[in-house]
Protein chains: 2
Amino acid sequence: MSTDIDLSDYQTRRASLIDEDRSLRREFISSRLRSAKEIEADKIVRKIRALEAETIWQQDYPSIPHPFPGMEFLTGKSIIMRTKIFEILSKMPKGALLHAHLDATVNAEFLLELALKQPGIHLRVNKPFVASPLSENLPEFRILPETQFSNLLSLADVSYTPGSWISLQNARKSFPTHLGGQDGFDSWVVGSMTINPAEATFLTSTGLIRVEPIFSEYIREFFRSSIRDGISYIEARINFLFKNMYGADGQENIPHREWLVMFDRIMNETKAEMEAQGRPDDFIGARIIYSTIRFITSEELEWYLEDCIALKKEFPHLIAGFDLVGHEDSLHPLIYYIKPLLRFRERQREEGVDIPFIFHAGETLGDGTQADINLYDAILLGTKRIGHGYSLIKHPKLMETCRLMGIAVEVCPISGCGQRLTSSMPMHPLPVLLNTGVPVALCSDDPAVFGNMGLTFDYYQVLVASEITGLSTLGALARDSIEFSTLGEEEKKRALAGFERRWETFVGDIVE
Amino acid sequence: MSTDIDLSDYQTRRASLIDEDRSLRREFISSRLRSAKEIEADKIVRKIRALEAETIWQQDYPSIPHPFPGMEFLTGKSIIMRTKIFEILSKMPKGALLHAHLDATVNAEFLLELALKQPGIHLRVNKPFVASPLSENLPEFRILPETQFSNLLSLADVSYTPGSWISLQNARKSFPTHLGGQDGFDSWVVGSMTINPAEATFLTSTGLIRVEPIFSEYIREFFRSSIRDGISYIEARINFLFKNMYGADGQENIPHREWLVMFDRIMNETKAEMEAQGRPDDFIGARIIYSTIRFITSEELEWYLEDCIALKKEFPHLIAGFDLVGHEDSLHPLIYYIKPLLRFRERQREEGVDIPFIFHAGETLGDGTQADINLYDAILLGTKRIGHGYSLIKHPKLMETCRLMGIAVEVCPISGCGQRLTSSMPMHPLPVLLNTGVPVALCSDDPAVFGNMGLTFDYYQVLVASEITGLSTLGALARDSIEFSTLGEEEKKRALAGFERRWETFVGDIVE
């Protein structure tokens with residue numbers, strides 16, 4: 001009898017401890033009540049998840065030893081795509097995409113198609129073509145002025161010397177039959193722009209993208225494919241370097257303002273397209289986080305900050321913020337740029353503009369290293385959000401600051417795995433952020449490189465790697481991606497209202 | 001000018017934010033002032049660590065691709081042993097060892113030597129000996145009564161049938177020359193009791209250890225080797241199952257109290273040995289955490305709890321606490337045993353004894369899984385410490401409870417890697433615990449299996465994987481291992497005083 005009383009008392013204390021421990025999770029602190037339909041949909045999704053963990057994830061796949069939900073993405077992707085959960089999530093409204101590098105947002109096949117329309121696009125290889133294994137001989141791309149068009153006909157020609165440019169169209173047409181002909185060419189080029197599980201290393205497709213006529217169509221496809229995945233608003237990081245954009249004439253002379261003009265035009269065309277389809281909620285718009293790279297000097301940064309201010313003044317609706325990108329462990333830390341960064345705030349006051357910092361910081365496994373320490377500087381400099389923030393969980397004071405000040409972390413689950421910060425989702429710090437109530441927006445980072453196009457794959461990985469996380473958690477994450485965007489209050493309201501309409505339909509469809 | 005002022009203001013705020021963020025670290029909250037010598041020794045160690053990261057850890061090792069400090073232990077061990085840091089740490093006083101499973105604490109070579117002295121020890125294999133690759137044909141051990149001694153002479157004999165016992169001595173003497181003769185036999189047996197990087201799976205040497213004459217000498221070697229490594233006090237987990245110990249006569253009939261009598265005798269002999277050497281500080285003593293395994297039923301647990309109480313009454317100085325061990329993800333969770341565990345507290349009151357729970361909990365990558373949820377039950381049941389607590393960092397409320405209530409986490413850095421919870425130290429949750437001020441004791445868990453004998457390797461891995469952690473951090477961890485032991489106040493004082501004397505010498509030696 002006494003044990004029975006103890007037991008019920010124990011169970012009460014236990015339930016309340018668990019609740020208290022999870023009380024900071026943002027799906028629980030929302031003032032919004034979950035609808036009966038959402039609660040039911042959440043249960044259904046949990047059931048399917050449990051079932052698929054025992055079935056699809058337990059089968060034998062010859063090339064995938066020991067598969068499990070949340071496993072390293074590149075290896076597990078083919079299994080993910082067979083699941084019902086993936087099918088469901090692909091229809092989920094995702095809110096905003098707040099962290100993606102424009103140059104890695106459109107799939108490589110599409111980019112190649114765009115490039116093949118431009119007769120000026122050339123490629124070269126830097127090792128003897130015939131002697132080298134194809135996969136180790138990477139192509140380099142550039143658009144050339146008409147006067148420099150190459151008359152070379154084939155990479156495989158004995159007369160081809162490494163380093164010589166050949167037109168993309170010719171190289172493709174003449175690609176040797178024993179290497180697969182034109183299909184072989186396509187796989188080779190596409191493969192050079194993506195990574196596979198064995199070699200998690202980056203390759204740049206910048207030579208194809210930063211060409212005026214390609215750039216605008218590339219952006220259009222980025223918007224369209226995002227919309228297909230349920231993303232309704234985008235803040236894209238674009239790297240601005242002094243030149244870095246070619247015209248159709250092969251001259252590297254397209255000024256930064258022209259990039260924004262293109263971006264604006266395509267955004268407006270895409271909005272009009274969606275309105276014409278009666279789907280205005282499905283695309284609110286897009287903005288740019290002006291980014292430059294941490295290899296520039298502190299003096300050079302001053303020029304970019306002024307460039308950013310000038311662009312903000314001309315396109316106030318397009319510039320969302322400023323960031324410094326690039327590998328944090330090896331490039332300059334934020335503190336190196338501290339003088340111009342502090343000065344930037346004064347300059348903004350002088351010019352009457354507001355450009356929040358939205359810094360990459362803590363994208364590292366280090367503890368007390370310069371990349372880890374970037375987190376202190378990002379926060380002291382007033383960053384609006386933190387890109388990656390992988391090492392944030394090591395910092396109790398900074399975690400508290402993020403929670404209390406509403407600094408969201410742009411968590412990129414799949415990119416984190418691809419970059420070897422973690423080898424699978426169960427090792428990812430995301431659950432710590434969620435349980436501690438730090439706002440999080442799930443992001444795709446470099447989807448064209450890792451193959452996680454859209455946000456469905458990222459939401460999938462997060463959902464299947466936790467027993468706590470459910471459909472309501474994903475909904476809260478999607479709402480927070482809008483909440484912690486740089487949209488103004490009115491725009492946010494409209495975006496959230498649109499999201500709620502779509503969410504209602506989404507959970508309704510699951511229940512039916 | 002204004003930027004200069006801003007800058008110095010910024011630097012001040014930055015330093016104070018970093019300080020505040022790290023202010024919970026236990027090396028900073030100690031009332032004990034660091035001596036000038038310790039500060040100097042800390043600096044020296046940091047210098048050597050930085051130098052070795054650039055030299056020894058950057059060299060090419062044919063069998064070790066991309067080595068780095070803190071890498072997966074089994075692969076990196078041979079590099080660790082070449083370093084000056086390892087040499088220094090091997091001389092460091094380590095305080096207490098609070099988490100080690102007795103059956104995996106003595107190196108396999110030594111155990112084999114002990115076993116070879118017992119003519120009754122037999123072995124068998126369960127696959128045809130000649131046909132199977134040696135490494136896949138694992139030996140099983142048992143002591144047999146004299147009436148059942150085997151007259152088989154060789155495993156390699158054509159007449160040997162799998163499953164037949166053969167005496168250990170004979171099997172060794174007759175081991176085929178083409179398999180390396182007696183040396184080949186020794187490597188085979190030792191290999192079967194340890195793991196290598198390729199196959200992180202456990203094997204039991206229990207059949208050799210749980211034999212009365214071996215058991216006591218095994219314990220003696222455990223104590224001696226721990227003392228050689230600078231460990232001065234031990235709380236060892238011993239698995240108690242109903243029978244589970246053989247006499248020299250081959251009968252499985254040695255009662256639990258005899259195990260404690262042996263433990264007590266060897267402990268006293270070891271203390272006397274150290275006193276005779278004029279080193280009484282070097283071995284304070286040892287206790288037992290009575291453990292049984294999570295595969296028993298809830299009803300069976302009642303018997304073990306009563307057995308534990310009876311042993312505590314007879315040997316109050318030996319029983320330190322109670323634990324349930326075994327793989328948390330697959331065996332029974334704590335909540336399954338809740339009735340007898342709650343009843344245990346009443347029974348202790350009735351019997352006038354105090355046996356704290358010292359539970360394994362959260363040794364998992366899961367989020368909200370039963371192993372993760374064990375943490376709530378461990379804490380609600382009043383656990384004195386938490387074994388592993390790998391998933392604790394996901395629980396803000398429990399982290400706070402551990403910090404405020406002084407519940408230490410027994411962190412086993414190398415075992416965590418060996419068991420694939422993490423693939424290297426930079427992914428380990430330890431820095432989160434340290435920065436959040438949760439008390440930690442570094443432990444070796446199953447050193448004979450992973451090859452991390454003593455605590456030097458564990459301290460090494462922790463030191464080289466963080467820029468924040470220094471010699472003073474290791475000192476604080478060692479002090480906490482004493483502080484959070486089950487020693488009484490007076491014993492603790494004596495142990496800490498002894499530690500301080502040794503620490504003073506240790507840092508003095510580094511400076512010289």
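Buried area is the accessible area, found with a 1.4 Å probe, that two parts lose on being put together, summed over both. The views below show close-ups of a predicted model.

**View 1. The interface between chain B and chain A.** The size of an interface is often given as the accessible area lost when the parts come together. Chain B and chain A bury about 4,700 Å² between them, and 62% of this area lies on carbon and sulfur atoms. On the side of chain B, Tyr10(B), Asp367(B) and Leu380(B) supply 15% of the area that chain B buries against chain A, which is more than any other three residues supply. In terms of contacts, 51 residues of chain B touch 51 residues of chain A.

**View 2. A salt bridge across the interface.** Side chains of opposite charge can pair when their charged atoms come close. Between chain B and chain A the count is 4 salt bridges, and a salt bridge is also found between Lys397(A) and Glu20(B), whose closest N and O atoms are 3.0 Å apart.

**View 3. A salt bridge within chain A.** Over all chains the count comes to 76 salt bridges. In chain A, Glu491(A) forms a salt bridge with Arg287(A), and the closest N and O atoms of this pair are 3.6 Å apart. Because Glu491(A) lies in helix 21 of chain A and Arg287(A) in strand 6 (residues 285-293) of chain A, the pair ties together parts that are 204 residues apart in sequence.

**View 4. Helix 3 and helix 21 of chain B.** Two packed helices are described by the angle between their axes and the distance between the axes. The axes of helix 3 (residues 36-54) of chain B and helix 21 (residues 489-511) of chain B come within 8 Å and cross at roughly 50°, and the two helices are therefore oblique to each other. Their crossing is left-handed. From helix 3 of chain B the contact takes in Lys37(B), Glu38(B), Glu40(B), Ala41(B), Ile44(B) and Val45(B), while helix 21 of chain B contributes Trp503(B), Val507(B), Gly508(B), Ile510(B) and Val511(B). These contact residues divide into 7 nonpolar, 1 polar and 3 charged.

**View 5. Helix 20 and helix 21 of chain A.** Helix 20 (residues 471-483) of chain A packs against helix 21 (residues 489-511) of chain A at an angle of about 160°, with the axes 10 Å apart. Since angles over 145 degrees count as roughly antiparallel, helix 20 and helix 21 of chain A are therefore roughly antiparallel to each other. The crossing of these two helices is right-handed. Among the residues that meet here are Leu471(A), Ala478(A) and Ile482(A) in helix 20 of chain A, and Leu496(A), Phe499(A) and Trp503(A) in helix 21 of chain A. By class, the contact has 10 nonpolar, 1 polar and 4 charged residues.

**View 6. Helix 3 and helix 20 of chain A.** Helix 3 (residues 36-54) of chain A and helix 20 of chain A pack at an angle of about 115°, and their axes are 8 Å apart. Glu38(A), Ala41(A), Asp42(A) and Val45(A) in helix 3 of chain A meet Leu471(A), Ser472(A) and Arg479(A) in helix 20 of chain A. This contact has 3 nonpolar, 1 polar and 3 charged residues.

**View 7. The surroundings of Arg172(A).** Arg172(A) has its place in helix 7 (residues 168-173) of chain A. Leaving aside its neighbours within four places in sequence, Arg172(A) is in contact with Leu116(A), Gln182(A), Phe185(A) and Asp186(A). The C-alpha atoms of Arg172(A) and Asp183(A), which are 11 residues apart along the chain, are separated by 8.7 Å.

Key
Residues are numbered from 1 along each chain as its sequence is written. Chains are lettered from A and ligands numbered from 1 in the order in which they are written. This is a predicted model: local features need pLDDT of at least 70, side-chain atom pairs count only at pLDDT 80 or more; totals for chains, interfaces and linings use all residues. Side-chain values use heavy atoms; hydrogens and water are left out. Axes are lines fitted to C-alpha atoms, for helices over the stretch in contact, and angles run from 0 to 180 degrees between N-to-C directions. Helices (H or I, at least four residues) and strands (E, at least two) are DSSP runs, numbered from the N terminus. Angles under 35 degrees count as roughly parallel, over 145 as roughly antiparallel, 65 to 115 as roughly perpendicular and the rest as oblique. A crossing is left-handed if the near helix is turned anticlockwise from the far one by less than a right angle, and right-handed if clockwise. Contact means heavy atoms within 4.5 Å. Ala, Val, Leu, Ile, Met, Phe, Trp, Tyr, Cys and Pro count as nonpolar, Asp, Glu, Lys and Arg as charged, and the others, Gly among them, as polar. A salt bridge is a side-chain nitrogen of Lys or Arg within 4 Å of a carboxyl oxygen of Asp or Glu.
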